[in-house]
There are 2 protein chains.
Amino acid sequence: MAKDFSTREENYSKWYNDIVQRAGLAENSAVRGCMVIKPYGYAIWEKMQAALDKMFKDTGHSNAYFPIFIPKSFFSKEAAHVEGFAKECAVVTHYRLKNDPDGKGIVVDEDAKLEEELIVRPTSETIIWDTYRNWVQSYRDLPILINQWANVVRWEMRTRMFLRTAEFLWQEGHTAHATREEAVEETERMLDVYADFAENFMAIPVLKGTKSANERFAGAVETYCIEALMQDGKALQAGTSHFLGQNFAKAFDVKFASQEGTLEHVWATSWGVSTRLVGALIMAHSDDHGLVLPPKLAPNQVVIVPIYKSADQQNLVVEKAREIQRQLQKAGISVKLDDRDTYKPGWKFNEYEFKGVPVRIAIGPRDVENGTLELARRDTLQKEIIQMKGIEQTIEKMLNDIQENLYRKALEFRERSTYKADTWDEFIDILDNKGGFILAHWDGTAETEQKIKEETKATIRLIPLNNIPEEGKCIFTGKPSSQRVVFARAY
Amino acid sequence: MAKDFSTREENYSKWYNDIVQRAGLAENSAVRGCMVIKPYGYAIWEKMQAALDKMFKDTGHSNAYFPIFIPKSFFSKEAAHVEGFAKECAVVTHYRLKNDPDGKGIVVDEDAKLEEELIVRPTSETIIWDTYRNWVQSYRDLPILINQWANVVRWEMRTRMFLRTAEFLWQEGHTAHATREEAVEETERMLDVYADFAENFMAIPVLKGTKSANERFAGAVETYCIEALMQDGKALQAGTSHFLGQNFAKAFDVKFASQEGTLEHVWATSWGVSTRLVGALIMAHSDDHGLVLPPKLAPNQVVIVPIYKSADQQNLVVEKAREIQRQLQKAGISVKLDDRDTYKPGWKFNEYEFKGVPVRIAIGPRDVENGTLELARRDTLQKEIIQMKGIEQTIEKMLNDIQENLYRKALEFRERSTYKADTWDEFIDILDNKGGFILAHWDGTAETEQKIKEETKATIRLIPLNNIPEEGKCIFTGKPSSQRVVFARAY
């Protein structure tokens, strides 16, 4: 049990960083705010990508790729968008370096100044809608259902690995439609895809809803989101899906001839999730023994550790371990066999526990003799001796159990961390002493929301979809309200 | 047969651009030198990625991700590298924009100047070796076998879609080893992986060899490469694998404690292929009817076009077409059914022929009645009527035939386009009138190579692996030479 490692109780923030670093997920790089995603962390992201990519394709989308650079002037074309995105960003001003005349390395060649600066994309609506203009003439060219896997850069001042970094990896869907209804339907469909992914792959329950105007994507008519709750009671936005109306079509002059022969602006959506989800995954399930991964996203679902003393025993045990590995792999289970001589079994047990491998199999000479194995579950830390026979079924069942158990635990946590507040005092008390989601009345104004944020750092995470109308009074102003919204402090 | 479309004979360069654009593979973007990779082009790249990624993992590599930005000073650390890479590149100098005080959109905020400029990576050796320094202490930390899928930027002056663009997508492998032997072995292993991929997936025969010093990667001790021949007789470098010696380990101070207890610099390799391969694929196989794709990399291996007049016929035919689609999909074949009402069969035939779909199935009411189908092969343009029964086997066999036929055609073309030249006149004659690979003697000096390049634009593409020693005289200087090397004009 890693003793030089913080518990959640002691220091939640350090606990998170310790897991990220010691489990080999990521580290800070030499470039301010940018991280190196290490192989184990990247393998989790690859699992996420594979699952999401399949869901996107199953809903009719294709991948494409647009330039990383966006001409500065593009940002000015959509009024709200420029305010939201064109500020803290990486600006390319030159295209050449030269040897320093004083012999001190290399310097920027001032003769190679760009006529117009290029922005490293913080998001791609502008360059994509500039492109779509040439793709759309008639209703027959619609819908366009495109997704892009890419890196983006936002010059964040305070960064945190996976949760907020200057460069991050993400996917951004950008679709174009003939009607408002179709675009709204697409926006909601992709929100459902994200919720499905969060719950069924990440084992994280999420609330679905829309953002208040303050929290809306810059350029969107409506922003839908999914919100998850972390173990410290803070919310984490795990995905957004935007109905963009005709804003970008108007800004970039994208029109189509309708079936009726009229010329109309195209309707748009965009939606994205990022490597931030890896941060959410870590914080949702991990414990004071390290990372805990849901089997559906674990790079290795099972690790086998052979135990032996003599060379004879080693041969016997490792051979059996290989046989079991093959058997499990045949059943579609990902299995690592760690037969390295350079590390002891105890070290390996700690290592894979810390790295959150869902199931550990230990096998020694006695096991080979008896046809048994020792299984250890990462989520409950329980061990049991089982029969080798029927190992595939045993492991498959255990992996399913773990996946479900993690979801159930996270759901129970969220349920007991969701409160109603009817007064300002209650609201403050919950925020300061409990954390979690707070259902409270709000007068519906941006001004009130802003003041609540300034006083408490809590924001409206979302207005739940299909919210139940309820008469009440705003917790801050006392003005009438017709529904509760969800507040929380958030990542 | 697309009449407003150039043939290879008329204008090879325009023919290439026409295919890229009209087949929906890519287009130029609003950003100088950067392309938009459209869904159909990106789908080919995804197929390439999937195949290569599996090959990398099967040879023990993991993926990871390093920052897109590299501090300027990093480039100065490896002397040869800075000359090769730190010149034409995108330089980030500022991290903020602000509203123009004159109200004309947004401008760079001069207060937000970076202390040290950041370069958008043209390749990642420097940032990766700066990172590896902290990963390696002992021989037990080696080897490091990492690959990265990423975008890179090189400020090319003359660009051409896929073949040479300012931004392109690629993979770059970066490995670290305890011994020279192991690093050389890795370099050669990855060259073999690339050759295997080119021949067995892309259906393009390649020569394997090493580069002359002039053409070597900046910072490498030895550059291995595979070279393919395009239909216009120009060579295309399709992949490189570099043995970097201890150059980067020395530049970034990466040492390890060996098993014997000594402190040694680490040995390195790097290797990469890029979206350029899509360009190679187009140019290797396509014809005057448009794109031709090898089945293993075709986004759709089969397209089904239903043919009908009445609504009754439509129901009957489309239903049967769906059944066949399901049957083929079950057998692992990717099949598109184009049952759109908005386009006529003739238009669809042209469309999929132009897009290079390997096999087209046409099905009409008579076919449903007779249990027959019409198959058309894209590579030979041959049509035949076949029995619906056993369709999976028929199509599988045809796809294999096409894959083999494309490779055989490309190999025959290369063989008849490979010449020996023993005099300068012969050399010039072949270059100007035939093109292709020229096996010729060279005196081994960089100076002669450079002069030949200046006079003819031909370069040494490679020195073949396991080259047969042969006494001769340099075609340019007449000085003695012990082997022939491969010259060509190249992309």
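Predicted model: local features only at pLDDT ≥ 70, side-chain atom pairs only at ≥ 80, totals over all residues.
In chain B, an open sheet is built from five strands, arranged in the order 17-16-18-19-20 with mixed pairing. From one strand to the next, the twist averages 25°. Within the sheet, strand 16 (residues 302-306) and strand 18 (residues 359-363) of chain B run parallel and are joined by five bridges. In this pairing, B:P306 is found opposite B:I363 of strand 18.

Helix 9 (residues 311-330) lies across strand 16, strand 17 and strand 18 of chain B, and runs at about 170° to strand 16. Helix 10 (residues 345-354) of chain B also packs on the sheet, where strand 16 and strand 18 are touched; the direction of helix 10 makes about 170° with that of strand 16.

Between the chains, 53 residues of chain B are in contact with 53 residues of chain A. On the chain B side, strand 5 (residues 88-99) contributes the largest share, 10 residues. By residue class, the side of chain B that touches chain A comprises 32 nonpolar, 11 polar and 10 charged residues. Strand 5 also takes part in pairing across the two chains: strand 5 (residues 88-99) of chain A and strand 5 of chain B are antiparallel and share five bridges. Here A:V92 stands opposite B:V92 of strand 5 of chain B.

Note on methods. Residues numbered from 1 in each chain as written. Chains lettered and ligands numbered in written order. Pairing = 2+ DSSP bridges. Helix = DSSP H or I, 4+ residues; strand = E, 2+ residues; numbered from the N terminus. Axes fitted to C-alpha atoms, helices over the stretch in contact; angles between N-to-C directions. Contact = placed C-beta atoms within 7 Å. Nonpolar A, V, L, I, M, F, W, Y, C, P; charged D, E, K, R; others polar.
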